[in-house]
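Please open the structure in a viewer and keep the selection tool at hand.

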Amino acid sequence: MSELLNVDTALDNILDSVKTLPAETVSLPEAHNRVSADDIVSPIDLPPFDNSAMDGYALYSEDSIAASQSHPIALPVVMDILAGSAPSGQLQRDQAARIMTGAPVPAGADAVIPVEDTDDDWVKGESGAVPNSVQLYRSLRRGENIRRAGENIAQGETVMRAGTVIAPAEIGMLAGIGCAKVAVIRRPKVVILSSGDELVDVHGALEPGQIRDTNSYTLAGLVRDAGGIPIRLPIAADTLASIRALYRRALEINPDLIISTAGVSVGAADLVRVVMDELGDIDFWRINMRPGKPLAFGTLQGVPFFGLPGNPVSTMVTFEVLARPALAKIAGREIRQRAIKATLAGDMTSDGRRSYNRVILERNSNDIIARSTGIQSSGALMSMVLADGLAVIPEGATTLPAGAVVDVLLLRDLD
Ligand code: AMP
Ligand code: MG
């Protein structure tokens, strides 16, 4: 038996050979879920000016030192500052300015007393007339209830790094710093190919000996989750002409990545391999992993290409381990596999290859327990439906006992 390729070596080769797509400019709302192409630096302070965190009265904190519930201090109210207005002039010692939340703090003032700590029985809205004076029922610390200019982010500070997926909070920050257009990485177009005489699409009736194509659906979902645009083409028959036609059609779409499934295992494989060899520069690997030993990788007329194994679990696991990081790089995203440590609930066996066993994760008082989903056949798609993660059994190990701590690649968020 020829030597198997190490998973990490395979991944290094793959990541070396794929490139990040160029950027395009989109309007701010369209940037949602896109990937920032650049580090983004704030051109302004946020907040842009010192402002009040409360509805209340701005004053000099030193003037409040002696104030208490039993001995309130009275100050004349000399200004009324609404949100959106600019205070005119400077507040003097022993004066107060009525101020609304978010309104600019007048020069001189260094604290805001909340209205509920004064004698003002504030009628919210525009109706409340400004009183001539206000009684303070407590003292204030310097800076109390003032949001300082730049305390959120200072001019010149980095708001987000290139490679960040722009979520609602990021969109809000970009709006806050006045960034109406955003440079984002172009979304990768990913063509998904299936072939096999046994396969029927979900709409077709099952004849004896046939199964439904599941891989193109799982892959489309995985690609979309990873930020790509999946394009599923119709299933090719097991003839050279049909497979050739499918691959040519894939290339006409001018995709950024092509993923096919099946046809890379020894035996069944021949026709697909012939076409891959005709059109591309492809290596056929035997990887030291389970499931998913056979895998083709290379380029088809310059387009990065994965030939994933056809068994439905192998397809998904090889996507997770090898194709997702590649797609992340193409899409300009951070290449980071989400992994945690977990304790095995029962013994786990392998055949000495690095195994990715489907597990259900449960939190107990101080750690996370990984329980097998049951049957681990590479065709048993239910194991992926049930799985929260893939427990990694290192190469060389054939048994791991209950209680052993393993790495688990997360397939979904843990709650
Ligand atoms: P092959 O590589 O063609 O020998 O396929 C390996 C296994 O994967 C066989 O059991 C196929 O029926 C199955 N298979 C191949 N393609 C798909 C697909 N698109 N959906 C579901 N199963 C598939
Ligand atoms: Mg086949």
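Predicted model: local features only at pLDDT ≥ 70, side-chain atom pairs only at ≥ 80, totals over all residues.

Residues are numbered from 1 along each chain as its sequence is written, chains are lettered from A and ligands numbered from 1 in the order in which they are written, and side-chain values use heavy atoms, with hydrogens and water left out.

**The largest pocket**

Select D225, E320, R324, R338 and L410, which are the closest to the centre of the largest pocket among its 29 lining residues. A pocket here is an open set of points on a 1 Å grid over the protein atoms alone, with protein on both sides within 12 Å along at least five of seven lines, and lining residues have an atom within 4 Å of a point. The space in this largest pocket is about 810 Å³, a volume being the space filled by probe spheres set on the points, which are joined across faces, edges and corners.

Next, colour helix 3 (215–225), helix 6 (312–330), helix 7 (382–386) and strand 27 (405–410), each of which gives two or more residues to the lining of the largest pocket. Helices (H or I, at least four residues) and strands (E, at least two) are DSSP runs, numbered from the N terminus. Helix 6 provides the largest share of this lining, with five residues.

**The second largest pocket**

Move to A262, S265, P309, G310 and N311, which lie nearest the centre of the second largest pocket, lined by 36 residues. Its volume is about 650 Å³. Strand 23 contributes the most to the lining of this pocket, namely three residues.

Where does the second largest pocket lie? Domain 1 (7–21 + 187–330) and domain 4 (339–410) both give residues to its lining, so the second largest pocket lies between them. The domain bounds come from an automatic or database domain assignment.

**The largest cavity**

Now select N33, R34, V35, I185, R186, R187, P188, G227, A331 and R333, which line the largest cavity. A cavity is a set of grid points where a 1.4 Å probe fits but cannot get out. The largest cavity holds about 50 Å³ of space. Domain 1 (7–21 + 187–330) and domain 2 (30–45 + 153–185) each supply at least three residues to the lining of the largest cavity.
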